[in-house]
Amino acid sequence: MKLRISAYGIARDIMNGSSTDMDLTEVKSTGDLKNYLIDTYPAFKDLLSFSLAVHEEYREDDYLLNDGDEVVIIPPVSGG
Amino acid sequence: MIDIQIKADPLDVEISYRQVVDAAAGGNVQFIGTVRDQTKGKKVMRLEFEAYEPMAIKEMTKIAHYITEKWSAIHVSIHHRVGTLKIEDIAVIISISTPHRQAAFEACQYAIDTLKETVPIWKKEVFEDGEVWVAAHP
């Protein structure tokens, strides 16, 4: 599955860039993608938490991804 | 009326207040979040804010709609700044008008608490000897 991964805040630092394209055969859901990210970038494990957004909405781990989706990594927010 | 904005330019308290004034409103509550000069005794030089803008606008709009329903708010204005802010600069202004004061206080408290939990905006504190993404680690 081809995905565009975008990252903000500390997630961008961890991935060393704001946006990257990935082709991941084993990934079907947002939960799968989270596991892949933690395996590939262990620093994600040290965060308080992180969420994934697709189509500008937070998604639970069982959300099924589609080919070509843009997934945005949302590390702990700190606005205000 | 609901007005949600993310701006790189300085925020204006008077403009936000004027947006919510209404003949039917007896209570107007405004929350103004500003940049503090220290964190746990460490001197802060500046803050750098960034937002995932389309989703941040969407999440702030959800907050405003909820407030309008639950507290019968007449007008809700939420303005958030992004970019580099110095000490005492305004990071966020929330203005809410309701028929009576109690609802305006409660709604405003809800708005800033929820914004800090759900809206995809991040701030980095820059110290003399380094920088930290706020709230990122346990």
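What follows is a chat about a predicted model with two chains, A and B.

Student: Which elements of chain B touch chain A?
Tutor: Those giving two or more residues are helix 2 (53-70), strand 7 (90-98), helix 3 (101-118) and strand 8 (121-127) of chain B.

Student: And how do the residues on that side of chain B divide?
Tutor: On the side of chain B that touches chain A there are 16 nonpolar, three polar and four charged residues.

Student: You mentioned two helices. At what angle do helix 2 and helix 3 of chain B pack?
Tutor: The angle is about 155°, and the axes of helix 2 of chain B and helix 3 of chain B are 10 Å apart.

Student: So are they roughly parallel or roughly antiparallel?
Tutor: Roughly antiparallel, because angles over 145 degrees count that way. Helix 2 of chain B also passes helix 3 of chain B in a right-handed crossing.

Student: Which residues meet there?
Tutor: From helix 2 of chain B you have Glu59(B), Met60(B), Ile63(B) and Ile67(B). On the helix 3 side of chain B, the partners include Ala107(B), Tyr110(B), Ala111(B) and Leu115(B). The residues of this helix contact divide into seven nonpolar, two polar and one charged.

Student: New topic. How many residues does the largest nonpolar core have?
Tutor: It has 53 residues. Among those with the most contacts inside it are Ile73(A) and Ile74(A) from chain A, plus Ala56(B), Ile67(B) and Ala111(B) from chain B. In general, nonpolar side chains tend to be buried together in soluble globular proteins.

Student: What does Ala56(B) touch?
Tutor: Leaving out residues up to four places away in sequence, Ala56(B) touches Ile6(B), Ala51(B), Val119(B), Pro120(B) and Ile121(B).

Student: What about Ile94(B), is that buried or exposed?
Tutor: Buried, because Ile94(B) has 28 C-beta neighbours inside 10 Å and the cut-off is 20 or more. You'll find Ile94(B) in strand 7 of chain B.

Student: Which residues is Ile94(B) in contact with?
Tutor: Apart from neighbours within four places in sequence, they are Gln30(B), Phe31(B), Ile78(B), Cys108(B), Ala111(B) and Ile112(B). Ile94(B) and Ala111(B) are 17 residues apart in sequence, with their C-alpha atoms 7.6 Å apart in space.

Student: Where is Gly33(B)?
Tutor: Gly33(B) sits in strand 2 (residues 27-34) of chain B. Gly33(B) is partly exposed, with 19 other C-beta atoms within 10 Å.

Student: What does Gly33(B) touch?
Tutor: Not counting residues up to four places away in sequence, Gly33(B) touches Gly80(A) in chain A, and Ile90(B), Ala91(B) and Val92(B) in chain B.

Technical notes
Residues numbered from 1 in each chain as written. Chains lettered and ligands numbered in written order. Predicted model: local features only at pLDDT ≥ 70, side-chain atom pairs only at ≥ 80, totals over all residues. Contact = placed C-beta atoms within 7 Å. Helix = DSSP H or I, 4+ residues; strand = E, 2+ residues; numbered from the N terminus. Nonpolar A, V, L, I, M, F, W, Y, C, P; charged D, E, K, R; others polar. Axes fitted to C-alpha atoms, helices over the stretch in contact; angles between N-to-C directions. Parallel < 35°, antiparallel > 145°, perpendicular 65-115°, else oblique. Left-handed = near helix turned anticlockwise from the far one by under 90°. Core = buried A, V, L, I, M, F, W, Y, C linked by C-beta atoms within 7 Å. Buried ≥ 20, exposed ≤ 12 C-beta atoms within 10 Å, placed from the backbone.
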